[in-house]
Amino acid sequence: MAADRGAVEVVQRQKVRERVATPPTAAFPVAAGGQRVKKPGRLQFGLQDVVDRVTQQPTRSAGALASEFPRMRFVANGEKALVSVEIAAAGDPASLADQLVALGAQNVSRFGRLLSARVPVDRLNALAGNADVKFARPVLARTRIGSVQSQGDFALRAPLVRPPAVANGLTGAGVEVGVLSDSYDCLGGESADLASGDIAAPVNVLKDLPGCSGAIDEGRGMAQLIADVAPGSSQSFYTAFDGQADFANGILALAAGGADVIVDDVIYFAEPMFLDGIIAQAADQVVADGVPYFSSAGNQAVRSYEAPYSAGDTGYYWGNGPYHDFGGTNGEFQSVFVRPGEDIWFWLQWDDAFFSADPGSPGASTDVDIFLFDLDFNLVASGEVGNVGGDPVENLYFFNDDYYGNGGEEFYLYIEIYEGPVPSRIKYVDFGTSNTIYQYADVVPFTDSGTVYGKAAAAGAFAAGAAFFGNTPECGTTPALLEGFSSHGGTPTLRQPDGTPITPVVRQKPDAVGPDGGNTTFFGSDTAFTSATPECDDSDSFPNFFGTSASAPHLAAVAALMLEKNPAATPAEVYDAMRSTASDMLVGGPDFASGFGYVHADAAIAQIEAPAEDTEPDAFDFEDVTVDSQQAVYSNTVTISGINAPATLTLSGNSTARFIINGGSLQSGSTTVNNGDTVRLRMVSPPSAGTRTATVDIGGVSDDWRVTNDSADTTPDAFDFVDKAVVGQQAVFSNIQRIRGINAPVTLTLNGHSSARFSINGGPLQSGSATVNPKDFVRLRLVSSPTLGSRSATVEIGGVSDSWTVTTEAADTVPDAFDFEDVIVSGQQSVFSNIERIDGINTSTTISLSGHSTARFSINGGSLQTGPATVNPGDTVRLRLISSPTAGSRSASIDIGGVTDTWTVTTQP
């Protein structure tokens, strides 16, 4: 602390006032009267600095940018560098998502107004100039880190409910635990974990960290701890490091994918402190749907300041609004000690609406800024983005590189309103490495405030504090000792997500405490702990996983054991069982340091009642089968569901009926089945037409299965080959008949005249017999007699027969009478007669035309001709004349087989 502080305070105070006219940095423009004017801009928390650097060096790589901006997340995409950002949509979020994709952004995800994406650094300027963007900020988050078995498993007393301690004990079988962390298998260690048994089965990875930038696979470390406590459970994973919107969507995706319990260990610094943000809302949503949600409480202990905003003088520093009075004689400043080589990272919020939390939120109405000065009142760091209409969040980062004098440790923190009304409350949490925050004695009650916030403080989430496994009752320490870094709760909820103020609610956080510091195969660093209790001794070289990031998965795994015992247990029942059986650690009853105390798995599980025995399954259906011969027939496979205890299966009906359980051997009579078993039936169909039935009854629910022998039907429907009459000897073909009414092959036999033949489906002509199938086509052929008379053929198909006769008749070349109707026209023109069909002949006959020289005829619509020609039965004939150019008539006479008609065309005067 500075020597003789009180004596120099007046001088120091005056120095600050003098800086109103001469700001300590030229980076901030000054308006008339000395008031500060912020630079407009949508890029926050250092993104503009990235733009400036890329403008100077357009080819700067992702690695170089990551070295310069170590708290941001950059990945390489070919030669381009992308940065992970969160973007609040001023307009339609879906439209903005499309715009981001068009910019080349990757991994675009949206939840409400907030979008997460990886944006090419050379396109950040496009965000800055886009009116659809409210603000954009980098993704800033961290995990709660502080053939191997975690000692935390023993410290939880979980082995007492598992085999071999309990016959048919709990393992988490049938329960899926969803994990959210930085990454799962970016380091490529899952295969080794599976080989060693540290993870029982492959984890269903819905999404791993794209690009794996900075990945440490903390999610796989969590998966190992879960597998230790609940080795029979399955697991799934979704990265939580791709922005708040993607984190929230990841929670929903895990639940939709089948997760029965979800756990995370990630904090986004910009998550709201005084209301529920989008990640907290997603956690509450899955809890409402019946999925318990566990979250690491945090590792910031009480490294926080929280107090009502106490308005001091206006215009004290930059002159725009009242500063916050920390209290005491020199309350405009708070002394902060940052030793050389250490840093502070203050995340400041105030009671105000969050634009990103809800589509109906108006955003912040107040803009508050935070500043850090050295003892000579030089500005060394600040956080001063434009907040009005956006989110009420500022952050200030400072690393002490030992440049500053006066011992180089003490600095002054100053908080001031830039514009807007005075908020009711402010709070900051320090995520840096400095160990001490100093305040004057009369304001000590406002130091050491809670640091549990965000989704860990959600009403539906279970926030897990941490105790080193070696400091728990099972390892010889009663009561369990809270880790010094384990985050405390007590922060009030002051608003609805849409920004509406509510009566303050202080939620009990953390909920309870689990163990940390246990072994993994790869994650963490090795620390030695000697104990006479073998399960607690840690003399090996395996790394130890510390932090609430380790305690949360331990408790989530206990929840998996509870849900195996009773799959219908609600999140509230799971939470209450843990809280009510936890052993107190501090003062009697729950507190904001250790919650309800240290969790004991066996006691918590004992509080969960096993469900009432249910042996009545859901309805099942064995589908009836039809065959065409006697044979062994197998049913579809049915999976038994809806029971939680063995149920009796009884098969009755035809003596050939049998059942198969889970693909085993054929059985008859009765047996027992369990939930998830498969059942298949077998029966021999009747030897002839008929049906056999088997009835299966499972727990009082029954179904009949029928097997029908649909005997072959070889008698077709009647068919008719139409007789024909011809003139002279020729090959004559019948009409085509389609064979219907059979369901099996039948025999076709042709008898009759020696010239008779048949063809099937247009194939070659045959005599004798052949086989036809259902719906085949059959056609006959006979050669007619060279003299007058008939020839016949008889076809029999499946016992149904028909005779077809071809008769040779005498030639009839005299047609029926025909009539071409006279026509009256005006002027000269081509005139066509009506069309006449030539009937009454059975062979061809001659047609001839006489009369006016313009007369012509056409046959069957063909070309005009003068004849003579030949027409056949059924042909059509039409005449044509060119009418006279003057009044008068022109005629044509037509003779067909000796029958004549005259056609006249008259031109009117």
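Student: In which strand does Asn 107 lie?
Tutor: This is a predicted model, in which local features need pLDDT of at least 70, side-chain atom pairs count only at pLDDT 80 or more, and totals for chains, interfaces and linings use all residues. Residues are numbered from 1 along each chain as its sequence is written, and side-chain values use heavy atoms, with hydrogens and water left out. Strands are DSSP runs (E, at least two residues; helices are H or I, at least four), numbered from the N terminus. Asn 107 has a positive phi near 55° although it is a residue other than glycine, and its place is strand E3 (residues 106-111).

Student: Is Asn 107 buried or exposed, or does it count as something in between?
Tutor: A residue is buried under 20% relative accessible area, exposed over 50% and partly exposed in between, with a 1.4 Å probe and protein chains only; the areas come from the Shrake-Rupley method. Because its relative accessibility is 27%, Asn 107 counts as partly exposed.

Student: How far apart are the closest N and O atoms of Glu 68 and Arg 53?
Tutor: A salt bridge is a side-chain nitrogen of Lys or Arg within 4 Å of a carboxyl oxygen of Asp or Glu. Glu 68 and Arg 53 form such a bridge, with their closest N and O atoms separated by 2.4 Å.

Student: Why does this pair tie together separate parts of the chain?
Tutor: Glu 68 belongs to helix H3 (residues 62-68), whereas Arg 53 belongs to helix H2 (residues 47-56), so the two parts that the pair ties together are, in sequence, 15 residues apart.
Both ends are partly exposed, Glu 68 at 28% relative accessibility and Arg 53 with a relative accessible area of 24%.
The elements joined are therefore helix H3 and helix H2.

Student: Which residue forms a salt bridge with Asp 511?
Tutor: Asp 511 is found in the loop between strand E26 (501-506) and strand E27 (512-516), and its partner in helix H12 (residues 571-581), so parts 68 residues apart in sequence are tied together. Asp 511 is buried, with a relative accessible area of 1%. The closest N and O atoms of the pair are 2.6 Å apart, and the partner is Arg 579.

Student: What is omega for the cis peptide bond that joins Lys 509 and Pro 510?
Tutor: Pro 510 is placed in the loop between E26 and E27. The cis bond joining Lys 509 to Pro 510 has an omega of about -5°.
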